[in-house]
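This briefing concerns the packing and surroundings of selected helices and residues. Please consult the sequence and the three-dimensional view while reading the points that follow.

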Amino acid sequence: MTTPTPFPSPEVVTAVIRHMNTDHADDCRVICQGLGGQAAASAAAMSGMDADGMDFLATVDGAPVAVRVPFAARLVERRQIRAEAARMYREACAALGIAPRPEAS
């Protein structure tokens, strides 16, 4: 269940989804593997977001699996999205025992 969003328009969420899926597709997979309980995910795409977390559609054994990964705290401003996505990626890498990309550190 999603919660109300603090973002000024639906276009903000659409832009974040597009950016994550275009520029950070592998990060989405890593987040689903390390934080979303889907260690066997072979791919993942962000499908939604609200103030409390990101939603993904992961591919696990060839089948789509919905994955919800909560934020560390409720977001109240648009500018928090990037930092929270980066935190999620770094924590997922740590959980998987892999090194994050240098620019994500």
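In which helix does I81 lie? I81 lies in helix α3, and the model in which it is placed is a predicted one.

**Helix α3**

- Helix α3 comprises residues 80–96.
- Its 17 residues, at 1.5 Å a residue, should span 24 Å, and this agrees with the end C-alpha atoms, which are 24 Å apart.
- The buried residues of α3 are I81, E84, A85, R87, M88, Y89, A92 and C93.
- The cover over these buried residues includes the helices α1 (10–23) and α2, together with the strands β1 (41–50), β2 (53–60) and β3 (63–70).
- Just after α3 comes G97, whose phi is positive at about 75 degrees.

**Packing of α2 against α3**

- Two packed helices are described by the angle between their axes and the distance between the axes.
- For helix α2 (residues 25–34) and helix α3, the angle is about 55 degrees and the axes are 8 Å apart. Therefore α2 is oblique to α3, since the angle falls in neither the roughly parallel range under 35 degrees nor the roughly perpendicular range of 65 to 115.
- The crossing in which α2 passes α3 is left-handed.
- On the α2 side, the contact is made by D27, V30, I31, Q33 and G34; on the α3 side, these meet A85, M88, Y89, A92, C93, A95 and L96.
- Sorted by class, the residues in this contact of α2 with α3 are nine nonpolar, two polar and one charged.

**Surroundings of I81**

- I81 has a relative accessibility of 6% and therefore counts as buried, the cut-off being under 20%.
- Leaving aside residues up to four places away in sequence, I81 touches F7, V12, V16, M49, M54 and L75.
- The C-alpha atom of I81 is separated by 17 Å from that of E103, a residue 22 places away along the chain.

- Is D61 buried or exposed? With a relative accessibility of 74%, D61 counts as exposed, because the cut-off for that class is over 50%.

Notes. Residues numbered from 1 in each chain as written. Predicted model: local features only at pLDDT ≥ 70, side-chain atom pairs only at ≥ 80, totals over all residues. Heavy atoms only, no water. Axes fitted to C-alpha atoms, helices over the stretch in contact; angles between N-to-C directions. Helix = DSSP H or I, 4+ residues; strand = E, 2+ residues; numbered from the N terminus. Parallel < 35°, antiparallel > 145°, perpendicular 65-115°, else oblique. Left-handed = near helix turned anticlockwise from the far one by under 90°. Contact = heavy atoms within 4.5 Å. Nonpolar A, V, L, I, M, F, W, Y, C, P; charged D, E, K, R; others polar. Expected span 1.5 Å × (residues − 1). Buried < 20%, exposed > 50% of the residue type's maximum accessible area, 1.4 Å probe, protein only.
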